[in-house]
Amino acid sequence: MDPDHLRTAREQLHQAIQNVAAVGRKFSPKSRYDEHAVLTWVPGLSRLAGQWVSGSVTFRSSLSLESFTIYLVDQKVNVLDSYQVEGQTQVQMMIWLEEQIGKLGLNAANLTMNLPYELPEYPTQSGEPFHMEYPAAAQELARYFHNSYVSLREVKQRMGIENNIQVWPHHFDQALEVVLKNSGDPETDTHILLGMSPGDQLFSSPYFYVSTWPFTDTSKCGRLSNNAIWVSEEWTGAVLLSKHLFEGDQKAILDLFYEEASAQLIKLLTE
């Protein structure tokens, strides 16, 4: 898969999911960490879904990475309405959301895109319509979200972790937090994050990662399988680039990466 195609698809999707996140953020209490705006991968539907909110029915918004469509569904996953993103502007999408949410018994006036963080500048922010130039790349990103979700779900079950697997709309990464030492404050906990990023300023192409907090000395770690690498600059942990997943069983490679990297990092953090 052409890295430029993946980057272009990621940039489009990153902008589009802000509309999904806005629904949970609008109808939930204000929060320090913006947790009401987080999304969840729905493996059976290949969608990124927002938080449940209650009006005349309980519903949530979601975005299909494969069809580039926003869905509003109820708790039985009945489609209440849908909206094709291709060719539409951010403003048109927000107007549609306000109209549909109003029909569901909530006052959606002033549903805004005023975000508690900054996104990279992108033409759709200035009124240009969305255009998914490379649908195959969006489908490839959907596979990365799916396989990492399934692998992380098994880690969650095996380790008895209560935290959910979440997709954060700010950085567009999917991660599972494993708390190793609970201090009572998330900012001072000792933990690792197992996750997947569709690309960012560190690696432009998608990658899978295990990161640590606090920082640790990864030079003490042993070699990883499948060309995975240790990182120690902006953050510390391990990275498996997506280019190393094109041959063999992608899910099996991911399982091994998360297992090898997390075992070594947990040992360093808890010695």
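The model is predicted, so local features need pLDDT of at least 70 and side-chain atom pairs count only at pLDDT 80 or more, whereas totals for chains, interfaces and linings use all residues. Residues are numbered from 1 along each chain as its sequence is written, and side-chain values use heavy atoms, with hydrogens and water left out.

The side chain of arginine 7 meets that of aspartate 4 in a salt bridge, at 3.8 Å from N to O; the term denotes a side-chain nitrogen of Lys or Arg within 4 Å of a carboxyl oxygen of Asp or Glu. Both residues belong to helix α1 (residues 3-26) and are 3 residues apart, about one turn of the helix. Helices are DSSP runs of H or I with at least four residues, numbered from the N terminus. Aspartate 4 is partly exposed, at 45%. A network of salt bridges links Asp4, Arg7 and Glu11.

## Salt bridges involving helix α3

The structure holds 6 salt bridges. One of them joins arginine 143 to glutamate 140, with 2.5 Å between the closest N and O atoms. Both residues lie in helix α3 (residues 135-159), 3 residues apart. Glutamate 140 is buried, at 8%, while arginine 143 is partly exposed, at 41%.

Lysine 251 pairs with glutamate 154 in a salt bridge, the closest N and O atoms being 3.0 Å apart. This pair links distant parts of the chain, 97 residues apart: lysine 251 is in helix α4 (residues 250-270) and glutamate 154 in helix α3. Lysine 251 counts as buried, at 19% relative accessibility, and glutamate 154 as partly exposed, at 33%.

How values were computed: Helix = DSSP H or I, 4+ residues; strand = E, 2+ residues; numbered from the N terminus. Buried < 20%, exposed > 50% of the residue type's maximum accessible area, 1.4 Å probe, protein only.
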